[in-house]
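Open the model in your viewer and keep the sequence panel beside it. This tour goes from one selection to the next.

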Amino acid sequence: MTRIGNSDLDVFPLSLGGNVFGWTADRDASFAVLDAFVDGGGDFIDTADSYSAWVPGNSGGESETIIGAWLASRKPAGVTVATKVSQHPDFTGLAAANVRKAAEASLSRLGVDTIDLYYAHFDDETVPLEETVGAFGQLVADGLVRNIAVSNYSADRIREWVEIADRTGVALPVAVQPHYNLVHRNDVEETIIPVAEEFGLGLVPYYSLASGFLTGKYRSADTEGQTSPRASGAAKYATEAGLRIIDTLEQIGDAHGASIAATSLAWLRAQPTVAAPIASARTVEQVPDLLAGARLELTSDEVDALNSVSEWTPAKA
């Protein structure tokens, strides 16, 4: 188990991504994945109110609705659910009134009384940050939300949020959700991790497997014949440098009897302030790799080898 920042949330060190629920996984497949995840020891589920509005025929909220139906059906004990606001077509942005209405809609879809972890999904600079911070703080004060967090915020804006919350006496954020993985590192390691360390925030990275590239399934930039809607996003990393990372992950994974995906997740978990990477599964067969990635411990030499092969270099001062 791992603690998310300075919160009271003690969770399994991997979060099951709900972005595929209602998209590439229908209700039955989603239920099966959720069952397998919890049966394997998982207890942390991540979604957003906008998932999956981009799918033809969907309007947003499909993932929350499926998770809510699963929660009502299974009544699992001790499951932590995180969701987000700002991108739902009917609740766009972070104005105070919108944040409140969106949270109430999410609570209804999820069928819960309180959201465990509530993210500002994307920064909304059209709204004064003090208004947004106050709106999130009020949700906590009113018992609709236990903990708040930010996603896709710059380090400067995170600092500003913390300063406002501290000055006005409302709930402080406990987590930040950045795009972070072995092939997308620089900005997070240069700017976000330092601010997370400064304020005791836990990182809950998304795109942990780089749209599937870090599973090793995509070793060519040619996506012809690929049926996954994420194939093009993954294949763009299939460069000479990207394939060196895959080869190194495979070598290290083989030494542990672990998959490329599990090894990649283990590397991410070993990074400073990372609490629980987010990874999704469309099928039950994909779940064991995620669970293994939450339990695999790499040696410092193995972490260093992956750091080296990913060719990350800090920005010059």
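**Start at a tyrosine**

Select Tyr51. At 13% relative accessibility, Tyr51 counts as buried, because the cut-off for buried is under 20%. Keep in mind that this is a predicted model.

Trp54 counts as partly exposed, at 43% relative accessibility. A search of the whole structure gives 9 aromatic pairs.

Step along the backbone from Tyr51 to Ser52. The peptide bond here is cis, with omega near -5°. Most peptide bonds are trans. Ser52 sits in the loop between β4 and α2.

**On to the lysine**

Which side chain does Tyr51 meet in a polar contact of 3.4 Å? Select Lys84: its side chain and that of Tyr51 are joined by this contact. Show Asp46 as well. The side chains of Lys84 and Asp46 make a polar contact of 2.7 Å.

Is Lys84 buried or exposed? Lys84 is buried, with a relative accessible area of 0%.

Display the surroundings of Lys84. Its contacts include Thr47, Ala48, Asp49, Tyr118, His121 and Gln177. Tyr119 is another residue that Lys84 touches. Turn the view until you look down on the ring of Tyr119: Lys84 lies over its face, at 5.7 Å from the ring centre.

**The strand that carries Lys84**

Select residues 80–85. This is strand β5, and Lys84 belongs to it. Of its 6 residues, 6 are buried.

Colour the side chains by direction. Thr80, Ala82 and Lys84 point one way, while Val81, Thr83 and Val85 point the other way. In a regular strand, side chains alternate between the two faces of the sheet.

**Neighbours on either side**

Select β4, residues 44–46. β4 and β5 pair in the parallel sense over 3 bridges. Ile45 has Val81 in β5 as its bridge partner. Follow the chain from β4 through helix α2 (residues 62–74) to β5: this β-α-β crossover is right-handed.

Next, pick β8, residues 115–120. β8 also pairs with β5 in the parallel sense, over 4 bridges. Look for Val85 opposite Ala120 in β8.

**The whole sheet**

Zoom out and show the strands. What is their order in the open sheet of 8 strands? The order is β11-β10-β9-β8-β5-β4-β3-β12, with parallel pairing. β11 (202–203) and β12 (278–279) are the edge strands, each pairing on one side only.

β3 (residues 15–17) pairs with β12 in the parallel sense over 2 bridges. Leu16 stands opposite Ala279 there.

**An aromatic cluster**

Select Tyr118, Phe136, Tyr153 and Trp161. Ring pairs link these residues into a cluster.

**Two backbone stops**

Most residues other than glycine have a negative phi. The last two selections have a positive one.

Pick Asn152, in the loop between β9 (145–151) and α5 (155–168). Its phi is positive, about 65°, although Asn152 is not a glycine. Asn152 is partly exposed, with a relative accessible area of 25%.

Finish at Ala210, in the loop between β11 and α7 (231–235). Ala210 is not a glycine either, yet its phi is positive, at about 50°. Is Ala210 buried or exposed? Ala210 counts as buried, at 1% relative accessibility.

Notes
Residues numbered from 1 in each chain as written. Predicted model: local features only at pLDDT ≥ 70, side-chain atom pairs only at ≥ 80, totals over all residues. Heavy atoms only, no water. Buried < 20%, exposed > 50% of the residue type's maximum accessible area, 1.4 Å probe, protein only. Polar contact = N/O pair within 3.5 Å; in protein donor to acceptor, adjacent residues only side chain to side chain. Contact = heavy atoms within 4.5 Å. Pairing = 2+ DSSP bridges. Right-handed = clockwise from strand over helix to strand, strands pointing away. Phe/Tyr/Trp six-rings, centres within 6.5 Å; stacked < 30°, edge-to-face > 60°. Lys NZ or Arg CZ within 6 Å of the ring centre and 35° of its normal. Lists of a residue's contacts leave out its neighbours within four places in sequence.
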